[in-house]
Amino acid sequence: MKNLTIENITRACRGTYHGSDSLLSREAAHVVIDSRKAGPEDVFVAIKGERVDGHSFIPSVMDAGALCAVSEQDLGEVPFPYIRVESTAQALLDIAKLYRDSFDLKVVGISGSVGKTSTKEMIASVLAQKFNVHKTQGNLNSESGLPLTVFDLKEENEVSVLEMGINHFGEMRKLSTVAQPDVCVITNIGVAHLEFLKTQEGIMQEKTQMFQDMKPGGSIVLNGDDPLLSTVGPVKGVTPLFYGTSPDCDVYASDVQSQGLKGSSCVIHTPGGQFSCLVPTPGSHMVSNALAGAAVGYVLGLSSEQIKYGIEHLPFLPGRNNIIQTDKVIILDDCYNANPVSMKAAIDVLGLGIGRRVAVLGKMGELGHNEKELHYEVGTYLAASGTDMVIAVDELAKEIIRGIEDAGSRIETHWFATKDDLIPHLGELIKEGDNVLVKASNSLGFSGIVQALQEL
């Protein structure tokens, strides 16, 4: 890997090297934290997790041919080289920064309470019309995930689109110090992560820390429809570019018309011109994501034609507002994650369906002491949504049903303790022609329900 010699890694980590000096000029093939993925000439960073301590795997990894280990522990007299550091978690970030500094490319950093991943995909799809694009894969957006994403950079990459997920104070600077974004994008300030960040103002305070590590001459792209983000003024001499539904925004949409589950048609206006397009995924929030893509495309010099093509050819992702049509039903597969804002947005999308509308919903995580009230609010929202049936899974999701019932709604409701309890009953509950939304926090494993629906 470019620039990742043992000597440079030791210096970047402010560590102490133990081993033969003859190896200091050797370059790592990969940097890994999963012992199962470690191979010859790799550098293994031993991370201590909640359940597993990577230090226990150092001997086996080195026996498999790894080049060097990074350890918080004094390993004593061992027959392999290692770098002793104060914190392997910080060392991983330090090594990633060293590697990122080896590349002359543009970085788009994305954060927000809701929609980071779908916005990342939209931006990447737009930018791919002009650049060789590298992007965050899966959910590798955390203190350990972002470095792994950075280590995947290749010489041919011209732009990197990096998703940055945080839920504690102090985390954003750890990520943005590595990313050093040229373009800072924040999608919204919602109520996700209130358990740790306490208030929406706290969330905004933490997420906007990204601006401190923006490259000179960089750009800030913000959702102008968000009440808090819309108040952000110039930062470090940079005036934010706002996107949203209002013509007061720098990039905005007009003539928005739902095309049902096929998406939404609209006219997108940028400072560089306007164009009509079809956003191929349903929901008003996807129009917002398209505007974010258009804004970043404009900032990085794409033509209106390139931006339009990128929006209209957005690839679909399993579990993220993905429309699956079977011989029997239409499935809205949005089961990757859930919070109150994204849950309500998904319910709105379900409302576009033609035929009976069924919502299969599970609990939402990391909501703090208000979790019951927030689930209850989803229930009251459903009561006025036109949904025909709600199937709730998990103890906390009972609050969704309670919200429906207290609102006096006639929605048919069912509750199951687990997804495994529900799946055998799907055949009797789901009818031909149904539109079925599947959504919950990722920990509930609702992809199994999506699979079962496809097999009906």
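Q: Which residues are buried in helix 16 (residues 447–454)?

A: An α-helix has 3.6 residues a turn, so residues three or four places apart point the same way. Here, in a predicted model, Ile-449, Val-450, Ala-452 and Leu-453 are buried (under 20% relative accessible area, with a 1.4 Å probe and protein chains only). Looking down the axis of helix 16, those buried residues fall within an arc of 165°, so they line one face of the helix. The arc is taken from the directions from the helix axis to the C-beta atoms.

Q: What covers the buried residues of helix 16?

A: The cover includes strand 15 (322–325), strand 17 (357–362) and helix 14 (419–422).

Q: In what order do the nine strands of the open sheet come?

A: Strands of a sheet pair through backbone hydrogen bonds, either parallel or antiparallel. Here the order is 7-8-6-9-10-11-12-13-14, with mixed pairing; two strands pair if DSSP finds at least two bridges between them. Strand 7 (133–135) and strand 14 (273–279) each have a single partner strand, so one side of each lacks a neighbour in the sheet.

Q: How many bridges join strand 6 (residues 106–111) to strand 8 (residues 159–163)?

A: Five, and the two strands run parallel. Val-107, for one, has Ser-160 of strand 8 as its bridge partner.

Q: Anything to know about the numbering and the model?

A: Residues are numbered from 1 along each chain as its sequence is written. As the model is predicted, local features need pLDDT of at least 70, side-chain atom pairs count only at pLDDT 80 or more, and totals for chains, interfaces and linings use all residues, while side-chain values use heavy atoms, leaving out hydrogens and water.

Definitions and conventions:
Buried means under 20% relative accessible area, exposed over 50%, partly exposed in between (1.4 Å probe, protein chains only). Helices (H or I, at least four residues) and strands (E, at least two) are DSSP runs, numbered from the N terminus. Contact means heavy atoms within 4.5 Å.
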